[in-house]
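Biologist: Before we discuss anything, could you put the model on the screen for us to read together?

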Amino acid sequence: MHIFDPLDELIVPPGGIVLAVGVRGAAEICSLIERAPAAAGVVVKLPVDVDEKVRATVLETGVAVLGLTRAASWAQVAALLRSLLAEADLAEPGQGPQGDLFSLANAVCALLDAPVTIEDRSSRVLAFSGRQDEADPGRVETVLGRQVPERYLRMLDERGFFKQLYQSREPIYMELEDEGVINRAAVAVRSGDEILGSIWVAVREPLSEQRQRALADAAKIVALQLLRERAGADTQRRLRADLLSTVLAGGADAPEAAGRLGIATARLCVLAAQLVSDGAAGDPTGDPARSESDRQRFCDALALHVAAIHPKAAAALVGSVAYAVLPLHSVGEEEARAVRVAESFLARVGPRHGANIGVGRLAANLSQAARSRADADRALRVLRARGTTGQVAGYTAVHFESLLLQVADVAAAEEQAPTGPYQRLLDHDAEHGTELAATLRAYLDAFGDVNAASARVHVHANTFRYRLKRLVEISGLDLSDPDARLTVMLQMRIFGR
């Protein structure tokens, strides 16, 4: 990793990453790439000015141009890259092929003399070997997207290949018989009776008995690695979730938990993010394992996003909600800035994750973190009640809606019911099949504009006036009294009828 300084000589070894601090504009980007043609990539702050000359330079040199969100600091990016490089340097001697899934994939590729992918139960690519350019376009698309395309999954399923794969404990050979598509050999990766994933090999003919045995043995090694990674990841996730829960509770143990997480202890906002499928009432249709995997990937993405914004940010999954603690050093409009960070995250994950995010008020210290979390939960609940997707709400922006939901909770807990004029309207509608309550709602929503209200309920204005007169006679409601109007409007919102 190298930090660009225009006053220093730029010496970048093959495969290096250049942090292009202060570089902007197509001409400067092209000049930097030409000075470091052996680099793997150049990182510049968004927005990136990419024109035809930049594209041509990238294609000519092979140096990737990467855009960094403007909210991230160069110091944090440098620290993250150094950490990743340090982890690689600290690998124990002798940890060779079994050290990680990519090394295992390359080892299997060498044994079978064919390109390999290792996939999970949902056909997401966990690792892949080299030589993928020797496979077909479908394999290339799979590796680039880290997911087997839907059309190939459907084809494999319709031909019964997945059923054969998961029923067999030996490798199977699949003749795909499609133009431009190479056949596949595959084996399920198992732990006892549990299917952990599979290994796929792009081959033009069936494997020999010796290569079949090598693929079956490789599946056992991959299973051990997947189990190790799952156990380690689960332990770390549980620990982080427990520590973050302690921080968000704001009790006496919060400072110690914050210290172990390495997060900020002052001037922070809490974000509460939830997938829409988890927030929907009565959504028992999905696969529980896949839902949990989706939550974890969503939370991991949120954690990466906030970590790029601030080195002392943290995120963890608590139940079905991903909470993030976001430190904010700027004074003034902290909640608005946290909302922008959340909006940027949802824009990045896009349609892959339909989610909403609630943002709590600023907590001046850890003792106020519990309040910020409660704010974020309430803002998130408002978004769920609205039935929205891909939205962010700060607590102050939805404060009154949140209060109404809390009042509705109290009314439901105490089994309270509508009273007064509104109750009489509901009783009359139930007994006579009329829609006087709907007429009143339309009238109030239209600020007393009869023409607009009648259009909303699709009746003639004169008919609407007659209904309005009848509902006043039946309910005894004085529409000229602002307190009476407020009372009945609040009952409509609280009891939701």
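Biologist: In which strand is R267 found?

Modeller: Strands (E, at least two residues) and helices (H or I, at least four) are DSSP runs, numbered from the N terminus, and R267 is found in strand β10, which covers residues 266-275. This is a predicted model, in which local features need pLDDT of at least 70, side-chain atom pairs count only at pLDDT 80 or more, and totals for chains, interfaces and linings use all residues. Residues are numbered from 1 along each chain as its sequence is written, and side-chain values use heavy atoms, with hydrogens and water left out.

Biologist: What is the phi of R267, and where does E415 lie?

Modeller: R267 is not a glycine, yet its phi is positive, at about 50°. E415, also a residue other than glycine, has a positive phi near 55°, and E415 lies in the loop between α14 (399-413) and α15 (420-432).

Biologist: How should I read accessibility, and is E415 buried or exposed?

Modeller: Buried means under 20% relative accessible area, exposed over 50%, and partly exposed in between, with a 1.4 Å probe and protein chains only. E415 has 72% relative accessibility and therefore counts as exposed, whereas R267, with a relative accessible area of 26%, is partly exposed. Over the protein chain, buried residues make up 41% of the 497 residues.

Biologist: What does the radius of gyration of the protein chain come to?

Modeller: The radius is taken over C-alpha atoms, and the globule rule is 2.2 Å times the number of residues to the power 0.38. The protein chain has 30 Å, whereas a compact globule of 497 residues would have a value near 23 Å; along its principal axes the C-alpha trace spans about 90 × 60 × 55 Å.
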